[in-house]
Amino acid sequence: MTALSNGHAANNSSPLFKIPPIKFTNLFINGHFVHSLSGNEFETIDPRTGEVIAKISEGRKEDIDVAVKAAREAFDNGPWPRMSGAERAKIMMKWADLIEENVEELAALDAIDAGKLYHLVKVLDIPAVANCLRYYAGAADKIHGEVLKGAREFHAYTLMEPIGVVGHIIPWNFPSTMFAAKVSPSLAAGCTVVLKPAEQTPLSALFFAHLAKQAGIPDGVLNVVPGFGPTAGAAISSHMDIDKVSFTGSTEVGRAIMHAAASSNLKPVSLELGGKSPLLIFDDADVDKAADLALLGILFNKGEICVASSRVFVQEGIYDEFEKKLVEKAKAWVVGDPFDPQSQQGPQVDKNQFEKILSYIEIGKEEGATLLTGGKKVGNKGYYIEPTIFSNVKENMRIAQDEIFGPVLALMKFRTIEEGIKSANNSRYGLAAGIVTKNIDTANTVSRAIRAGIIWINCYFAFGNDIPYGGYKQSGFGRDFGMEGLHKYLQVKSVVTPIYNSPWL
């Protein structure tokens, strides 16, 4: 069921919700909102209508230079890295409280800017930002090295020191979540930050910067510079005074960032890149629950999620029953205005993504896959697409190999565990995978055999601040969340001193 076409959901003017005015549209550098040096602006678009929300100051190389200079001064001479971990934690906790106090406005910004469901952002994304800050605030005073027992007459220990100025480049599909995942651990470690939000979704990042200032984060510690990848993003990647880059986005851009980092000051890079995640459903699964899980895995956040279960492999014993249930559930899925609480799926983020998804649907038809349901745009305004399911998909088809990043599922069949594992691993990506089975031996075997960074058994999208997350193969390297997400912003230094006349080593 598509709410925009049958009329029972709110229309694109969202009469059920009064959208707040846009307060912050300039760059946030050294504790202040400032115009870009060029004076250029770009438009951020409402994907519900295709209309302009606001004009945003466009950061370019010269603006990145100013932001890096502020971050470098704050790191080299400012108080943030020199505070105790407990002092940093206190400020981060206050920032988290301010975010919770502004949850409705922040949720509205992500809904209007990214097409995300307002009611879910309000109860999931924004509270998760606050909790991520609190998680890493709790770790800020627990950053310890080790005392080492040397084999010779030396006393040695290690220090864990902040890596320095960090450049973050974050994507548009989870603008608030990714802001927190990058900024929280780097600040807890004592680093300073220059962050470029995606040009499609800059609004919430600028609001977070405003709240950071209110919370007491010193000037220069957090800098937010909206702009485009080839200009602002490239300037971060190649900057000689940035000590590390963390990026989430496409594999193609990840390669360019690695090249720029290597060609400049050889800065370390962590990359969370594309995915084409498999979901394996075995004969012993509860078919109804498995269909719900598969649908959630591809339609959550309108398929704009790097771990979407876009390849679903079903064991042949339950395949026919599963396919029938999946199609029935997909046809009942409500596509509509993200401010309508009845909506289960909002619009794709922008026209480019909308057209890319529709083009892949046409490719699937041309390659000979069977379109079971969906495949069309919804309504006459905005970037809405029907939930789309293909069957009779061959593993070499582009819809089974390429990351579409939309509500398009490739449904396939397998016979044996070995065949399922082989098909699951038949991808250049290795970000996530799901397994649905009641057999613990099957779950253990398959989870160890699939080459992916996170495996979900009888669940999906089970993320947590304490669960490391990242990829294998061309899905990147490095981990967000957990203590691994903190340690990548720290460097280990060994300190050694001789021991004279010691009675023992």
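## Lining of the largest pocket

The lining of the largest pocket holds 17 nonpolar, eleven polar and eight charged residues. The model is a predicted one. In this count, Trp is nonpolar and Gly is polar.

The largest pocket has 36 lining residues. Nearest its centre lie Trp 172, Phe 247, Gly 249, Ser 250 and Val 253. The volume of the largest pocket is about 800 Å³.

## Elements around the largest pocket

Which elements each supply at least two residues of this lining? They are the helices α8 (229-238), α9 (251-263) and α12 (351-366), together with the strand β10 (244-248). The largest share comes from α9, which gives six residues.

## The second largest pocket

Next comes the second largest pocket, with a volume of about 590 Å³. It is lined by 26 residues. Ala 128, Phe 174, Thr 177, Phe 463 and Phe 481 are the closest to its centre.

Two or more lining residues come from each of α5 (118-139) and α6 (175-188). Which element gives the largest share of the lining of the second largest pocket? That is α5, with seven residues.

## Residue classes in the second largest pocket

Technical notes. Residues are numbered from 1 along each chain as its sequence is written. This is a predicted model: local features need pLDDT of at least 70, side-chain atom pairs count only at pLDDT 80 or more; totals for chains, interfaces and linings use all residues. Side-chain values use heavy atoms; hydrogens and water are left out. On a 1 Å grid over the protein atoms alone, a cavity is a set of points where a 1.4 Å probe fits but cannot get out, and a pocket is an open set with protein on both sides within 12 Å along at least five of seven lines; lining residues have an atom within 4 Å of a point. Grid points are joined across faces, edges and corners, and a volume is the space filled by probe spheres set on the points. Helices (H or I, at least four residues) and strands (E, at least two) are DSSP runs, numbered from the N terminus.
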